[in-house]
Amino acid sequence: MAHPVDVHVGKRIRHRRWLVGMTQQQLAEKVGIKFQQIQKYETGANRVSASRLWDIADALEVKVSFFFEGIETEGAEASQTSDSVPADILGDKEALDLVRSYYAIPENQRRRLFELARVLSDVA
């Protein structure tokens, strides 16, 4: 069974990779490993060494600390989220695609879209 920290780090690797629009193959090539190893890291099946995590952080253009953000509150958040929102919202590919698309919209239109979404969610 995978250690919870390895699973969390793997999820953060996957989230960042999705957010920047990089495939497992592309990340593997930047780091100098096979894409299967990236798959194992992302599922928590394999533990990421410190030097490899450093290389992954560099390839994904984040600080190493990014991969540990939210680890203290992960268990508490899962019990507090509503049934309509997944406990791990960033683990949902559709949600990440939506966020990526949202930030591709020009600022003034994005703000209007945000206000519309708030109004619609209040109605539901």
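Residues are numbered from 1 along each chain as its sequence is written, and side-chain values use heavy atoms, with hydrogens and water left out. Because the model is predicted, local features need pLDDT of at least 70 and side-chain atom pairs count only at pLDDT 80 or more, while totals for chains, interfaces and linings use all residues.

**Helix α2**

Helix α2 spans residues 24-31, and its buried residues are Gln24, Leu27, Ala28 and Val31. Viewed down the axis of α2, these buried residues fall within an arc of 100 degrees, so they line one face of the helix. The arc is taken from the directions that run from the helix axis to the C-beta atoms. Helices are DSSP runs (H or I, at least four residues) numbered from the N terminus. Buried means under 20% relative accessible area, exposed over 50%, and partly exposed in between (1.4 Å probe, protein chains only).

The cover over the buried residues of α2 includes α1 (4-19), α3 (35-43) and α4 (50-60), where contact means heavy atoms within 4.5 Å. On the face of α2 turned away from its buried side are the exposed residues Glu29 and Lys30. Gly32 follows α2 and has a positive phi, near 90 degrees.

**Salt bridges**

The whole structure contains six salt bridges, each defined as a side-chain nitrogen of Lys or Arg within 4 Å of a carboxyl oxygen of Asp or Glu. Three of them, including the pair Arg17 and Glu42, are listed here.

| Pair | N to O distance | Location |
|---|---|---|
| Arg17 and Glu42 | 2.6 Å | helix α1 and helix α3 |
| Asp97 and Arg100 | 3.1 Å | helix α6 (residues 93-104) |
| Arg110 and Glu107 | 3.1 Å | helix α7 |

In the salt bridge between Arg17 and Glu42, Arg17 lies in helix α1 and Glu42 in helix α3, so the pair ties together parts that are 25 residues apart in sequence. Arg17 is buried, with a relative accessible area of 6%, and Glu42 is buried at 4%.

Asp97 and Arg100 are three residues apart in helix α6, a separation of about one helical turn. Asp97 is partly exposed at 30% relative accessible area, and Arg100 is partly exposed at 29%.

Helix α7 covers residues 107-123 and contains Glu107. Arg110 also lies in α7, three residues from Glu107, about one turn of the helix. An α-helix has 3.6 residues a turn, so residues three or four places apart point the same way. Glu107 is exposed at 55% relative accessibility, whereas Arg110 counts as buried at 13%.

**Aromatic contacts**

The structure holds two aromatic pairs. Rings of Phe, Tyr and Trp (its six-membered ring) pair if their centres lie within 6.5 Å; planes under 30 degrees apart count as stacked, over 60 as edge-to-face and the rest as tilted. Phe66 and Phe67 form an edge-to-face pair, at 5.4 Å centre to centre and with 80 degrees between the planes. Both Phe66 and Phe67 are buried. The ring centres of Tyr102 and Tyr103 are 5.1 Å apart and their planes stand at 85 degrees, so this pair is edge-to-face. Tyr103 is exposed, with 56% relative accessibility.

Phe66 also has Arg12 over the face of its ring, at 3.9 Å from the ring centre. The charged end of Arg14 sits over the ring of Trp18, 5.3 Å from its centre. A charge sits over a ring if NZ of Lys or CZ of Arg is within 6 Å of the ring centre and within 35 degrees of the ring normal.

Definitions and conventions: Helix = DSSP H or I, 4+ residues; strand = E, 2+ residues; numbered from the N terminus.
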